[in-house]
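This briefing is for a reader who has not seen the structure before. Please look over the sequence and the model, then read the points below.

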Amino acid sequence: MKKTNITHLDLELYTEKLANGLEIYIVPNTKINDVYVTYTTKYGSNIIDFKNNGKEYNVPYGIAHFLEHKMFEQKDGSSPFEEFDKLGASANAYTNNIQTTYLWSCPDNFEKNMKILLDYVNNPYFTDKNVEKEKGIIIEELKMYEDSPFRNGIQKIKENALVNHPSRIDVGGTIKSVKNITKENLYDCYNAFYNPDNMFIVVTGNVEPNNVIKIIQKHFHKKNIKNKIEIKKYNEPLRVNCKKQTINMNVTIPKFLMGIKIDMNSYPLGKKEWYQYLSIYLDSLIGPTSKFNDELKNKKIITENFSFYLDEADNYILITIAVESKCPTKLEKILKEEFKKKINEETFNRKKKCYLSSTIKLTDNIYGINSLIMGEIIRYNKFNKDMYNQIKNLNYNNFTKLIKHIDFNNTTILYIKPLKEK
């Protein structure tokens with residue numbers, strides 16, 4: 001087992017790779033009376049076209065999410081949720097575009113909880129009958145999401161910004177695609193991507209690293225399958241699919257959403273630096289403490305703080321900005337003018353200090369540090385133990401050059417208006 005210090009966080013990271021390829025990351029913290037465990041496969045909704053050992057597969061949209069649902073189905077009829085509940089553990093799972101994660105947290109019964117997690121994720125049970133039953137549940141879930149203005153708006157931005165990439169389709173798929181999923185599809189995807197060398201476990205909290213490894217080795221009996229996976233690359237153009245759209249939903253106040261599609265190849269920096277500089281830029285420009293945000297609220301152009309998100313589709317980053325506004329057309333013009341303004345060096349350095357401060361605060365946050373490690377492995381295939389100094393070394397010169405290379409006119413706009421409003 002390898003031990004490294006996480007710079008400026010007063011934490012140690014222990015890493016181990018089992019013979020079957022499974023990677024384990026452990027950050028012990030004896031000051032916390034809790035444990036948080038995540039078990040992740042590098043498989044999300046973006047993967048629908050792939051080759052496994054030379055054989056081509058094209059599967060329906062939403063299959064990664066469907067798999068996540070079905071993993072809780074056990075051959076003996078038992079419920080992992082009920083088993084976790086008996087031990088006082090909180091358990092859940094989620095799927096996004098790039099990963100599927102199963103998790104639990106509990107201060108006690110580490111071995112028993114870990115055994116439950118490994119047993120149900122490592123032993124799939126799909127039948128024609130239980131797959132058909134699940135379709136109805138997921139279709140109802142999709143319909144519920146369609147009724148959520150905010151979630152529906154975020155997905156519409158992806159759909160309108162992207163032309164070919166699977167991220168333009170909801171993680172859960174479509175009603176049509178869900179209806180087409182078969183148990184054979186599920187086993188094909190499970191066998192390809194739920195493989196130990198494509199998965200990893202992160203354990204944070206009050207644990208002893210050697211004991212964690214022994215318990216996982218004791219209960220992890222899954223062997224590695226020699227897969228040669230090739231995932232299709234999509235010829236995604238820079239242009240957006242739809243420049244502007246207005247939809248009517250059950251809202252009282254209109255919502256304004258903007259998507260900005262950016263080619264990371266436009267400036268030679270790594271993906272991580274792109275994310276960090278853009279986060280600083282957006283926080284400086286439209287963040288909750290920005291002057292611009294306060295001015296718009298005082299003028300009653302917006303009724304709440306801006307929300308913004310960064311998504312990735314191959315070499316593109318998609319910025320999504322969302323806010324409630326009674327004047328969405330006016331806001332669009334004001335916002336586009338704001339993007340022409342330059343962030344000064346003083347503001348950049350102040351936001352960078354906030355970034356560093358929020359990183360240090362992760363020291364006693366077992367959920368935050370777990371999520372950080374998980375995200376780094378998914379996006380960059382490794383965890384940067386010196387992330388503090390990496391953030392500290394972000395510089396204003398690179399920041400201004402990167403921002404200059406962004407075309408803030410390459411946008412898609414979405415207005416969500418009340419049902420009675422045209």
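Predicted model: local features only at pLDDT ≥ 70, side-chain atom pairs only at ≥ 80, totals over all residues.

Residues are numbered from 1 along each chain as its sequence is written, and side-chain values use heavy atoms, with hydrogens and water left out. Helices (H or I, at least four residues) and strands (E, at least two) are DSSP runs, numbered from the N terminus.

**The sheet**

- Five strands form an open sheet with mixed pairing, in the order β11-β15-β12-β14-β13; two strands pair if DSSP finds at least two bridges between them.
- The edges are held by β11 (244-249) and β13 (307-313), each with a single partner strand, so one side of each has no neighbour in the sheet.
- On average, neighbouring strands of this sheet are turned by 20 degrees against each other, direction ignored.
- β13 and β14 (residues 316-324) run antiparallel and are joined by 7 bridges.
- A313 has Y316 in β14 as its bridge partner.
- Helix α9 packs on the sheet and touches β12 (255-263), β13 and β14, where contact means heavy atoms within 4.5 Å.
- The direction of α9 makes about 160 degrees with that of β13; axes are lines fitted to C-alpha atoms, for helices over the stretch in contact, and angles run from 0 to 180 degrees between N-to-C directions.

**The helix pair**

- Helix α9 (residues 271-286) packs against helix α13 (residues 366-380) at about 130 degrees, and their axes are 10 Å apart.
- α9 and α13 are therefore oblique to each other; angles under 35 degrees count as roughly parallel, over 145 as roughly antiparallel, 65 to 115 as roughly perpendicular and the rest as oblique.
- On the α9 side K271, K272 and Y275 take part, meeting E376, R379 and Y380 of α13.

**Two residues**

- T95 lies in strand β7 (residues 90-95).
- With a relative accessible area of 12%, T95 is buried; buried means under 20%, exposed over 50%, and partly exposed in between (1.4 Å probe, protein chains only).
- Not counting residues up to four places away in sequence, T95 touches G44, A64, H65, E68, T100 and V171.
- N365 sits in the loop between α12 (345-360) and α13.
- N365 counts as partly exposed, at 32% relative accessibility.
- The C-alpha atoms of N365 and N29 are separated by 9.4 Å, although the two residues are 336 residues apart along the chain.
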